[in-house]
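Please brief me on this two-chain model.

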Amino acid sequence: MTEYILAKYNFWIYVVLMMIGLYAMMGKRNLVKKLIGMNIFQTSIILLFVSAGVKKGGATVPILRHSDYGPEHVEHLIRVADYLNPLPHVLMLTAIVVSIATTGVALATLILIYKRYNTLEEDEIMAIRKDIRSYKTPRILRSKD
Amino acid sequence: MRKWFKPISLATVILTGMLLIYGIHDMPSWGDPNSPANRHISPRYITEATRKTATPNIVSAVLGDYRSYDTLGESAVIFTASISCLFLLRRIRRQGNHDD
């Protein structure tokens, strides 16, 4: 059993990270904590993809050595096992950019929500919205008076 | 309802995690050079990218040449995000000026 876990322990780590992120998105009430949970979720996916490109046995980063692309180089001399898989790296470069973009827009939206409701707790925002919908003075304004 | 929210979400998370762990069984072992992800198209990239694009860095050759439309869409995403951030944050400043 221990051997079975250790053979693919990287996937176990990603599952745990992803579930931490999912729980933060579902169970937490603070919107900033939800956003951090989304970031943890994205990080676990990025790690999963990067780990798909790993090759054991002396593979290095996918930048060709000079002996592999110089003028005296013959094409079939490049050994595929010498370099890591470049495709997951490329895809995750795109995914990192998208995650930065979503985080930026979400933070800007959170600033707007805080300006409007004076809180970032989800249940308080829902209570205020419920009061507004039933034409009552919101609870926060009432407590100030 | 509020009281049961956290236990329900915890149960959902544990269930999903168990499903994912069940799926680990089918994944290739870590660092296997013959895993499907390492066999499909990446040998072509590694052997041909430098000859076709004259770039020793295979990642940038794939990013900027083989998948340049992907990169174009990515820059569209950044552009959209920055524009929406600009509009969202500009509205705040204008509201602040009205309050003053």
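Which residues of the largest nonpolar core touch the most other members? They are B:Y45, B:I46, B:A49, B:I58 and B:V62, out of 15 residues in that core. A nonpolar core here is a set of buried Ala, Val, Leu, Ile, Met, Phe, Trp, Tyr and Cys residues joined through C-beta atoms within 7 Å. This is a predicted model: local features need pLDDT of at least 70, side-chain atom pairs count only at pLDDT 80 or more, and totals for chains, interfaces and linings use all residues. Residues are numbered from 1 along each chain as its sequence is written, and chains are lettered from A and ligands numbered from 1 in the order in which they are written.

- B:V62 touches A:P86, A:L87 and A:V90 in chain A, and B:Y45, B:A49 and B:R67 in chain B, not counting residues up to four places away in sequence.
- Another core, of 10 residues, lies apart from the largest one; A:Y14, A:Y23, A:A24 and B:V13 are among its members.

**Chain make-up**

- Chain A has 7 helices and 0 strands. Its pattern along the sequence is α-α-α-α-α-α-α.
- Chain B has 5 helices and 0 strands. From the N terminus on, its elements run α-α-α-α-α.
- Helices (H or I, at least four residues) and strands (E, at least two) are DSSP runs, numbered from the N terminus.
- In chain A, 16% of the 145 residues count as buried. In chain B, 14% of the 100 residues do.
- A residue is buried if 20 or more other C-beta atoms lie within 10 Å of its own, exposed if 12 or fewer, and partly exposed in between; C-beta atoms are placed from the backbone.
- Among chain A contacts between residues at least 6 apart in sequence, 52% join residues at least 24 apart. Two residues are in contact if their C-beta atoms, placed from the backbone, lie within 7 Å.

**Interface between the chains**

- 42 residues of chain B are in contact with 45 residues of chain A.
- On the chain B side, α1 (2–24), α2 (36–39), α3 (42–53), α4 (58–66) and α5 (68–99) each supply at least two residues.
- That side divides into 25 nonpolar, 12 polar and 5 charged residues.
- Ala, Val, Leu, Ile, Met, Phe, Trp, Tyr, Cys and Pro count as nonpolar, Asp, Glu, Lys and Arg as charged, and the others, Gly among them, as polar.

- The axes of α2(A) and α1(B) come within 9 Å and cross at roughly 155°. Axes are lines fitted to C-alpha atoms, for helices over the stretch in contact, and angles run from 0 to 180 degrees between N-to-C directions.
- That makes α2(A) roughly antiparallel to α1(B). Angles under 35 degrees count as roughly parallel, over 145 as roughly antiparallel, 65 to 115 as roughly perpendicular and the rest as oblique.
- The crossing of α2(A) and α1(B) is right-handed. A crossing is left-handed if the near helix is turned anticlockwise from the far one by less than a right angle, and right-handed if clockwise.
- Contact residues include A:F11, A:W12 and A:V15 of α2(A), and B:L10, B:V13 and B:L20 of α1(B).
- The residues of this contact divide into 12 nonpolar, 5 polar and 1 charged.

**Helix packing within chain A**

- α2 (residues 9–27) and α3 of chain A pack at about 160°, with their axes 7 Å apart. α2(A) and α3(A) are therefore roughly antiparallel.
- The crossing of α2(A) and α3(A) is left-handed.
- Among the residues that meet are A:Y14, A:L17 and A:G21 in α2(A), and A:G37, A:F41 and A:L48 in α3(A).
- The contact of α2(A) with α3(A) has 13 nonpolar, 6 polar and 2 charged residues.
- α3 (residues 31–52) and α5 (residues 86–117) of chain A pack at about 180°, with their axes 10 Å apart. That makes α3(A) roughly antiparallel to α5(A).
- The contact of α3(A) with α5(A) has 15 nonpolar, 5 polar and no charged residues.

**An exposed loop residue**

- A:Y135 lies in the loop between α6 (122–133) and α7 (139–144) of chain A.
- A:Y135 is exposed, with 6 other C-beta atoms within 10 Å.
- The C-alpha atoms of A:Y135 and A:K55 are separated by 63 Å, and the two residues are 80 apart along the chain.
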